[in-house]
Amino acid sequence: MSIFFDLILIKKQEYCNLALNKQTKMCNDLQKSFDKIIDGNKEWVDFVKNDTSGRFQQLAKGQNPEILWIGCADSRVPANELTGTKPGEVFVHRNIANVCVHSDMNMLSVLDYSVNVLKVKHIIVAGHYGCGGVAASLSSSQYGIIDNWLQHIKDVYRLNAAEIDAITDKQQKEDRLVELNVQEQVSNLCRTSIVQNAWKNGQQLAVHGMVINIASGELINQNCTFTSNDALSDVFSYK
Ligand SMILES: [Zn+2]
């Protein structure tokens, strides 16, 4: 029996080696865009090398960010650039349309680690106008597996259908759903046991909702900041 398993392990190892050794060539277009990344990194390495502040040596030892940023995966909304922060200052989680679902182990792990280990002071849910995920969730088109993820935003629409339906302009409808989605995700975060236990233990923690205007670069505060579970109704508020 053991020989049988050993053989399987050897076969598996051979397969892995084969996978690692068989590198295929990229066509010119792919090579060119990949080279851009490598060249960009060379510039960054030069920058780091010429930095005399010692901050990169310090960063290599560990991180101590005060902010957890939960944003959209969209390539136009990078957390550091938008907040004027540097490497080491923002812990980041991004997914399509900045959704915070209570059963998402990825999001929960990031939240738990940042709140309980890194002890971040602020959690920012950052949506953005022109969000493709939000726009798609207002349509009846199918886009693939993502349709199931977007059901969470369709739920936000369902909870606010009267308000959204009353808006006639398509762009304004989408913009409003972007804002409502941010508010809903802030609420979802506040209802997690992770955030509520942090508050219960006296940890200073604020959960904010913001919307990015990509054209102007502005971060627009949605004024839905919570620092305790006082505003939650009894059924959502843990004792
Ligand atoms: Zn987006």
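Biologist: How many bridges join strand β1 to β3, and do they run parallel or antiparallel?

Modeller: Strands are DSSP runs of E, at least two residues, and helices are runs of H or I, at least four, numbered from the N terminus. Two strands pair if DSSP finds at least two bridges between them. Here β1 (residues 67–72) and β3 run parallel, joined by five bridges. I67 has H122 as its bridge partner in β3. This is a predicted model: local features need pLDDT of at least 70, side-chain atom pairs count only at pLDDT 80 or more, and totals for chains, interfaces and linings use all residues. Residues are numbered from 1 along each chain as its sequence is written.

Biologist: What pairs with β3 over seven bridges?

Modeller: Strand β4 (residues 206–212), again in the parallel sense. There, I212 is the bridge partner of H128.

Biologist: Is β3 mostly covered or mostly uncovered?

Modeller: A residue is buried if 20 or more other C-beta atoms, placed from the backbone, lie within 10 Å of its own; 12 or fewer means exposed, and in between is partly exposed. Six of the seven residues of β3 (residues 122–128) are buried.

Biologist: Which residues touch the most other members of the largest nonpolar core?

Modeller: Nonpolar side chains tend to be buried together in soluble globular proteins. A nonpolar core is a set of buried Ala, Val, Leu, Ile, Met, Phe, Trp, Tyr and Cys residues joined through C-beta atoms within 7 Å. In this 43-residue core, they are I70, V125, A126 and L189. Helix α9 (residues 170–190) gives the most, with seven residues.
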